[in-house]
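Subject: Structure for your review

Dear colleague,

Please find below the structure that I am handing over to you. My findings follow it.

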Amino acid sequence: MSDVIVFIFVFLLLALAVKGSIRHFRGESPCCKGRSGDSGTRKRLEGPVSGEILVRISGMRCDGCARRIEKEIERIEGAVCRADRKSSVARVEYDRPLDEKKVVSAVEKAGYGVISIEHGDNR
């Protein structure tokens, strides 16, 4: 009888873990201890946008992940970032020459990987 109780207990724990994992990978739960809301104030460029790059990122699962990436990239002078977890892309606009190595370093510092970088329209 005790074996049946242990089996049921383990089965319930496993079911809850699988359910949480599915929600996590769909981006429906706050992984990385992120919040689902926007933080409010956004960084703005000092001058007109001179160009943009699209950074495809691995490991970005939720809005908290996206905000962490935005925060690290926006530490780069002259850059603003909007990351989208659904497409796993961060759009980085800049108003002065931008060193792509700094962008890669910022993404890695946030704990994610860069798959590719594409150049957008130069304005």
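Contact means heavy atoms within 4.5 Å. Helices (H or I, at least four residues) and strands (E, at least two) are DSSP runs, numbered from the N terminus. Please note that this is a predicted model, in which local features need pLDDT of at least 70 and side-chain atom pairs count only at pLDDT 80 or more, while totals for chains, interfaces and linings use all residues. Residues are numbered from 1 along each chain as its sequence is written, and side-chain values use heavy atoms, with hydrogens and water left out.

The protein chain has three helices and four strands, which run α-β-α-β-β-α-β from the N terminus on. Of its 123 residues, 34% are buried (under 20% relative accessible area; exposed means over 50%, partly exposed in between, with a 1.4 Å probe and protein chains only).

Gly-111, with a positive phi near 100 degrees, follows α3.

The largest nonpolar core has 22 residues. Such a core is a set of buried Ala, Val, Leu, Ile, Met, Phe, Trp, Tyr and Cys residues joined through side-chain atoms within 4.5 Å. Ile-57, Ile-69, Ile-73, Ala-90, Val-92 and Leu-98 touch the most other members. The largest share of this core, four residues, comes from α2. Not counting residues up to four places away in sequence, the residues that Val-92 touches include Ile-73, Leu-98 and Glu-52.

Glu-52 itself lies in strand β1 (residues 51–58) and is buried, with a relative accessible area of 9%. Its side chain makes a polar contact with the side chain of Arg-91 at 2.9 Å. A polar contact is a pair of N or O atoms within 3.5 Å; within protein, one must be able to donate a hydrogen and the other to accept it, and residues adjacent in sequence count only if both atoms are side-chain atoms.

Yours sincerely
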